[in-house]
Amino acid sequence: MNVQNVDYQNAQAAQQFTQSLRETGFGVVRNHPVPKALVERIYAGWAAFFEDEGKHQWRFDPATHAGFFPASISETAKGQTQKDLKEYFHIYPGTKVPDSLQADIDEYYRIAQEVAETLLGWIEANTPEDVSTRFSESLSSMIRDSHQTLLRVLYYPPFEGGESAGAVRAGAHEDINLITVLPASNEAGLEVKGRDGQWLPVPCDPGQLIINVGDMLQEASSGYFPSTTHRVVNPEGASRQRARLSLPLFLHPRPEVTLSERYSADGYLKERLKELGVS
Ligand SMILES: O=C(O)CCC(=O)C(=O)O
Ligand SMILES: [Fe+2]
């Protein structure tokens with residue numbers, strides 16, 4: 001299995017990228033419009049946020065699910081028994097974050113959303129017609145002006161020794177949404193499950209963007225694009241003492257968008273959140 005590393009500026013990029021998604025559920029893109037310096041500033045600023053007890057004042061609002069989710073209530077991946085070793089902050093359009101972090105995170109949300117629209121255009125243009133005729137509207141318009149698209153600032157704390165046996169940074173799971181866009185993390189650990197069942201590390205060179213197919217694109221494409229299982233493994237050696245940050249943008253269609261004969265985007269999301277135990 002080969003997760004392609006695609007040059008965003010290359011004339012063949014759209015075709016190469018879509019082929020990688022089709023074959024592996026994942027693609028890696030370089031030379032893209034998300035500034036590396038912006039991502040680095042966000043990682044540094046948010047590491048300080050999560051390392052300060054003041055974060056508890058930003059606890060999420062149960063009505064909107066925006067805000068800080070402490071490790072004690074964060075997700076348990078479907079089919080796992082232990083909670084993931086992570087905490088995160090959920091940002092939707094208009095979500096307030098600490099003043100010093102607001103401008104950069106808004107900028108990242110805006111640029112990543114634009115890149116996602118372009119990538120969805122690439123995917124659609126390279127999808128066989130018998131599959132794409134079943135899309136209820138263009139993939140890029142499904143996410144345009146959507147208030148459901150979720151930016152998750154993720155913090156995996158350094159290991160301190162008190163973690164419960166068997167707990168992992170992120171248990172094996174699939175994403176619910178259409179596609180996920182995330183910049184390379186500051187630390188390794190993300191792995192993708194190949195068709196042969198083998199786990200493979202996803203390359204994480206600084207400055208690259210990683211994109212994966214979520215369940216909603218799998219559903220809308222009748223399985224043509226596979227929503228691939230992935231996980232974040234625990235570090236070994238010196239990197240156990242280091243926190244890991246990541247910044248996935250989960251692209252969600254507007255709630256009323258028809259995904260398939262069985263599901264609207266909203267109906268699908270509600271069903272899946274119930275399974276995760278977070279709604
Ligand atoms: O932290 C990562 O690299 C991936 C996170 C992830 O898969 C998720 O939050 O759904
Ligand atoms: Fe994920």
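Predicted model: local features only at pLDDT ≥ 70, side-chain atom pairs only at ≥ 80, totals over all residues.

Biologist: Which residues of H2 and H3 make the contact?

Modeller: On the H2 side, the contact is formed by Leu38, Val39, Arg41, Ile42, Gly45, Trp46 and Phe49. H3 contributes Leu101, Asp104, Ile105, Glu107, Tyr108 and Ile111. Sorted by class, this contact of H2 with H3 holds 9 nonpolar, 1 polar and 3 charged residues.

Biologist: At what angle do helix H2 and helix H3 pack?

Modeller: Helix H2 (residues 36-50) and helix H3 (residues 99-125) pack at about 135 degrees, and their axes lie 10 Å apart. An angle has to be over 145 degrees to count as roughly antiparallel. H2 and H3 are therefore oblique to each other.

Biologist: How do the axes of helix H1 and H3 cross?

Modeller: The axes of helix H1 (residues 13-24) and H3 cross at roughly 80 degrees and come within 9 Å. Because angles from 65 to 115 degrees count as roughly perpendicular, H1 is roughly perpendicular to H3. From H1, the residues Ala13, Ala14, Phe17, Thr18 and Leu21 meet Leu119, Trp122 and Ile123 of H3. The contact of H1 with H3 has 7 nonpolar residues, 1 polar residue and no charged residues.

Biologist: Which residues line the largest cavity?

Modeller: Its lining consists of Gln148, Met216, His252, Pro253, Pro255, Ala265, Asp266 and Leu269. Helix H7 (residues 265-276) gives the most to this lining, with 3 residues. By class, the lining of the largest cavity comprises 5 nonpolar, 2 polar and 1 charged residues.

Biologist: What is the volume of the second largest pocket, and which residues lie nearest its centre?

Modeller: A pocket, unlike a cavity, is open. The second largest pocket has a volume of about 280 Å³. Of the 14 residues that line the second largest pocket, Ala71, Leu85, Pro157, Pro158 and Glu163 lie nearest its centre. The lining of the second largest pocket has 6 nonpolar, 3 polar and 5 charged residues.

Conventions. Residues numbered from 1 in each chain as written. Chains lettered and ligands numbered in written order. Heavy atoms only, no water. 1 Å grid on protein atoms, 1.4 Å probe; cavity = no way out; pocket = protein on both sides within 12 Å on 5 of 7 lines; lining within 4 Å. Points joined across faces, edges and corners; volume = space filled by probe spheres on them. Nonpolar A, V, L, I, M, F, W, Y, C, P; charged D, E, K, R; others polar. Helix = DSSP H or I, 4+ residues; strand = E, 2+ residues; numbered from the N terminus. Axes fitted to C-alpha atoms, helices over the stretch in contact; angles between N-to-C directions. Parallel < 35°, antiparallel > 145°, perpendicular 65-115°, else oblique. Contact = heavy atoms within 4.5 Å.
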